[in-house]
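Hi,

Here is the structure I said I would pass on. Have a look at it first, and then read on for what I found.

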Amino acid sequence: MKTFYKYIFLLTSVIAGFSAIAQDFSISGYVKDSASSEVIVGATIYEATTNTAVISNEYGFFSMRLKPGTYTLECSSLGAKTQTQNVQVADNMRVIFRLPSQSYDIDKVVVHARQQTSDVVTKHLSAKQIELMPSTFGVPDVIKVVQTMPGIKTIGDGTTGMYVRGGNRDQNMIRIDEANIYNVSHMYGYVSSFNPDMLNEVRFYNSYFSPEYGGRISSVLDAQMKEGNLNSFSGSALLSILTANATVEGPIKKDVASFFVAGRRSTLDIIHKFSDIVNVPAFYDVNAKVNCKINDKNRVFLSSYISSDYQKYPPFLESDALNVSGTARWISELRPKLFLTTSVVASKYSNKTNFLDSTKRTWLVGVNEYTAKSKLNWYISNNQKVLVGVQSSVSQLTPGKTGDVANSISDMQLFEPSLFANHTISVNNWTFMYGLRITQYHNFGEATWYTIDNGLAIAENKESSGIWNSYTCVEPRVHIAKKIKDSELSASFTRTSQSMQSLSNSKLNYSSLETWFCSSPNLKPVEAENFSVGYTLKKKNIGLLAEAYYRNIHNQIDYIDHAYLLANPYAESQVKAGKARAYGFEIAVNREGERNQISASYSFAKVLYDIPEIMDEQYRAPYDMPHDIKLQVTQRIKERWSCSALWVFASGRPGTFSQGYYEYKGTKIPIYNKRNSDSYPVYHRLDVSLHYNGKPHKHYEQNFSIGIFNVYGRKNILYYDFATDYAYIGGNLTTIKEQYNVKAYYFSAFVPNFTYKVSFK
Amino acid sequence: MKSFQYSIFLLLIAFTSCTGEYDEDISNVIQRKDSEKTIAISGIITSEYSKQTIVVSRSIDFSELYLSSDGNPNKFKDAFTNKRVGGAKVSVEVAGKKYDFKEIHDSINYYGMAYVEIYYESVDSFAGVPNQEHKLVVEVEGKTYTATDVMPQVSEITFNENSPLYLYLWGGKGSGDTATCYPEYLFGQQEAFIMGFRAIPTPEAKQFLGEEDHNYNELISNFGHPSYSFRQLASPQLIGAVSENSGITRINPGNSENMDLTDTVAISKMSCSPPYEYFLYCLFQNLKASKYDFGEMSSNLPTNISNGGVGFFSACDVKRKDFNKWELTSLAHSIGNIVEPR
């Protein structure tokens, strides 16, 4: 018996010994800015002996598993100095990295354009990058920077609309701190809703995006606000031609809670109060955030965004747009490997247009959205992580309301529950990401909708309560990548769906006359299958990104001939659904030198609609612009001086031009070519800017930039206006001749701009 | 610092305008794809016993119309010639009977210039028949164009508050003083009709204007919008303000407060077949689009003319009645306020 227990003890010791040798421990913690204690997203934590690398998540959190021993961890991030820490791993442990920012007079001014050479999945944008890019009016703008990425199309100057791989502009998810933004632009689209001062990081997905993201089929632009300086007070002020900005941040309680507030107001309307120009738009927006550490493992964030736009277009109309959102988030480190995020979001968007003529009509559009979401990140090992989550959204849509019930479109309500899960595993230079999202779209509550038959509303249906229409969309997503030395090959497949769509058939890109619809018995959700293959190469200071894609879209809608959307209670009868397909490829090359950065990209894209009830053959989508070239150069001239240039070229967008007319009872009736069979002239322009970064003082820093938008004054057409007119000719002016005029409207050419910014600390 | 502030001020002022415009080079725009000239046919056969008319014309290509910088007169068209087509053989069949049309050359005077207008008039007077198919046959330039329309029976003249009406003023001889209203939206269960409102000049107005059948637009443009002073001369007040540019506005036929007791309005109601209703609806959208930047999709109007023709042939049942102020007020329900023209 004694011998038996001896053997048991020995066996147990051996097993314990082996276990001790085999057991990994979790090294987790946060990456923060050393000055402000602001978390750093996307930082890389690398251990050389085991060749292990992990990335900090959107809350700066990272988790790594190592066997017992002594290691050197290296933490690096864009815009920050690399830091190393030696750790003795004998148990689960906590590590905090505090990275000092790069300052201009010490290190490189040139900011790396990671989005052109990083993996195809996530394109990162930093605030510094946004600041240095030439911008339309000297106002740093994240949307304008995204528009310079390969394959991102826009139509016309000034607009913030993006067309990504065959998707329409309302098929991009654009959000700030998890709140969807419906009005992405101010001032006719010349300024976006993103105040660059409030941004911590921006991530853009147009290839594969995690099943966590749903509700839009084309791309995701996910912006995260700054959290506020936990250590000391600081602020900044900025003045440019278009805006005046101010920020202030600081600790509420040092190392525990902080706040951040950023506000902007337009300046052009103030300037022009002294002129007789009346149709100058105005706006303001405010971003605010409070960040509170409950304890080492729990944090709470409260953030909000308010924006208001006013524009007047006498004698026709004036419009008021309001965007208000609030996000409450709780992040909790349940275990060293388990990270839970729970958020509640409420947002309100409304856009009211008043017609100034004697009709005194109004047009009100709005979306109220309430979302609750919880997701659990499980960092199983250095090479494996799992994400699971649940999301529930309720939206109240006002597609269009006038002062007259008979001319209003009925309000709609949408309930959208979703489940999602994603698994990422890396083995032997292979990375597999696969997941699933299941979303249901339920119409519920009080609403009136019309049965549509052959383009006519033939019956009215009044719903009073409960769920009265449902769709279920299953969205599998897969991404596979293989690292080969300095390069990576990848392939992706995603299925995405979207219930809410914006309808606006204005020929003006910046028109506020739109309406937001959701799926209904007449309109199925839009669904897309997206296939892509990609190749990236990073060798020394040269990066190459090449990607080809194919997208198949179901239930794509387009407007019938003579569609009338405004004040039309039967607006659903004005659209038809069919298919669309998009295909193309994108190539980008980037070279980062000691004092400069050069990047060039070319993309080819084709987008065709196939909607038999509109045309019995395939036709070009309204944003089908096949060729797209972008060249960017950023050069450090002297210690504090740098300059940058951006040249863009794009094929002319489609148009439908009239070629003649006939008369019907004395009225001229235009004869048009087939829809979208004509093209506007090609688009190209050159922007340049010069930046000066002042010598940092103890309590403040200042920088200044001047630039010119559209240096060589290319008159890129916004739209054409066709008209016939009568001309009296002849020596005695007795002969009436008829002439054909085409007026071309363009955004101003050769527009100078400036920005002056001072930051206090 | 002062010069810096001044520089900033100058830069701000420099930005004074967002957009510019210029006359585009036509060659950049005219892309002759479907450019074959088309025959346009228009005509309404009514249930009123009279000589019926059909117009046959030819489309104008914009390449014929642009004004060249050298002022070469060969580069653009006479405004009023070469559009109407002569030499056509026109006939209408209804209820088993065939009616031939003859070519008419009408001399007209427009702003002191003499022009000839060609159209086709039925040899004999006849009336369209409700609930019957009407068939038009036009043989011209070696091609045959046909069109059919079934004439719906028109209901009595009423003003239904569920039928919002929109006003469209057509120009042209004989119809210039008629304000014509069409239903704005297409709703399958709703009867489609055209309402015409024609102010009958009072004796005082006739004395002022003479015996000529003056164009209503001319009355408005010469004397301004209907006003209380003008009310004493004629009775257009019922219609409210109208636009000399064929504007579209909403009216309330019941709002007759500006009418005198002796004023009379001749109201006509014409039925529209569903294809004709859709044609008119699309015509309106086209006209609205030409006025506003946030308009509809540029697209061709529907047509029931065969063989590549454009235009529309319709058959409409008509009822007419004269109303005085009290009859109109008691008949109409309030469907909104009179509004100014857009």
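Chain B is divided into domain 1 (37-151) and domain 2 (155-302 + 318-342), with bounds that come from an automatic or database domain assignment. Seven residues from domain 1 and six from domain 2 make the contact (heavy atoms within 4.5 Å). Between them, these two domains of chain B bury about 540 Å², 47% of it on carbon and sulfur atoms; buried area is the accessible area (1.4 Å probe) that two parts lose on being put together, summed over both. On the domain 1 side, Ile44(B), Glu48(B) and Asp149(B) lose the most area, together 62% of what that side buries.

Before going on, some ground rules: this is a predicted model, where local features need pLDDT of at least 70 and side-chain atom pairs count only at pLDDT 80 or more, while totals for chains, interfaces and linings use all residues. Residues are numbered from 1 along each chain as its sequence is written, chains are lettered from A and ligands numbered from 1 in the order in which they are written, and side-chain values use heavy atoms, with hydrogens and water left out.

Which residue forms a salt bridge with Glu48(B)? It's Arg320(B), with the closest N and O atoms 2.4 Å apart. (A salt bridge is a side-chain nitrogen of Lys or Arg within 4 Å of a carboxyl oxygen of Asp or Glu.) The count between the two domains of chain B is one salt bridge.

Now chain A, which is divided into domain 1 (2-99) and domain 2 (185-708 + 749-760). Their C-alpha centres lie 38 Å apart. Here 21 residues of domain 1 are in contact with 28 residues of domain 2, and the two domains of chain A bury about 2,200 Å² between them, 43% of it on carbon and sulfur atoms. One salt bridge is found across this interface: the side chains of Arg94(A) and Glu333(A) meet at 2.6 Å, N to O.

Last, a sheet with strands from both chains. It is open, has three strands in the order E43(A)-E42(A)-E4(B), and its pairing is antiparallel. (Strands are DSSP runs of E, at least two residues, numbered from the N terminus; two strands pair if DSSP finds at least two bridges between them.) E43 (667-672) of chain A and E4 (60-61) of chain B stand at the edges with a single partner strand each, so one side of each has no neighbour in the sheet. Strand E42 (residues 658-664) of chain A pairs with E4(B) over two bridges, and Gly660(A) stands opposite Asp61(B).

Cheers

Note on methods: Helices (H or I, at least four residues) and strands (E, at least two) are DSSP runs, numbered from the N terminus.
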